[in-house]
Amino acid sequence: MTASLAPFAAVDALIAEGVGQALSNATATWHGGPAFGVHLYQSAADGFGEVVTTQRHTVSLCVLNAPGVAEGGSALHINGQPCRITGPVVPDAGGWATFPIVFTEGADAGP
């Protein structure tokens, strides 16, 4: 008899999928695959005091939907717009990661 090392892995995956569907405010694709829900955050970033302000974008997603996602990657599209991952991708215990991105075309893909 083989004991499972992660007896609640299927339940964990189901919960992560439910959170992604219920709370997402944007849609993403990874390497042109199927679309999945993500949490896209926008905030103002002060570049040089009051002289220049820009938009900072951060995304949260379940890494199971984007295998191999890592800093520097450019295969992530959010709301149809390509972006580059500009920070480390470190998943938490639930398999979700939050990291900064920069849209490479257009202004932004706001929620």
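Me: Why is cysteine 83 called buried?
Reply: Cysteine 83 has a relative accessible area of 1%. Buried means under 20%, exposed over 50% and partly exposed in between, with a 1.4 Å probe and protein chains only, so cysteine 83 counts as buried. This is a predicted model, in which local features need pLDDT of at least 70, side-chain atom pairs count only at pLDDT 80 or more, and totals for chains, interfaces and linings use all residues. Residues are numbered from 1 along each chain as its sequence is written, and side-chain values use heavy atoms, with hydrogens and water left out.

Me: What makes cysteine 62 buried or exposed?
Reply: The relative accessible area of cysteine 62 is 6%, so this residue is buried. Buried residues make up 32% of the 111 residues in the chain.

Me: How many disulfides are there?
Reply: A disulfide is a pair of cysteine sulfur atoms within 2.5 Å. By that rule the count is zero.

Me: What makes up the order of elements from the N terminus on?
Reply: Helices (H or I, at least four residues) and strands (E, at least two) are DSSP runs, numbered from the N terminus. The chain holds one helix and six strands, in the order α-β-β-β-β-β-β.
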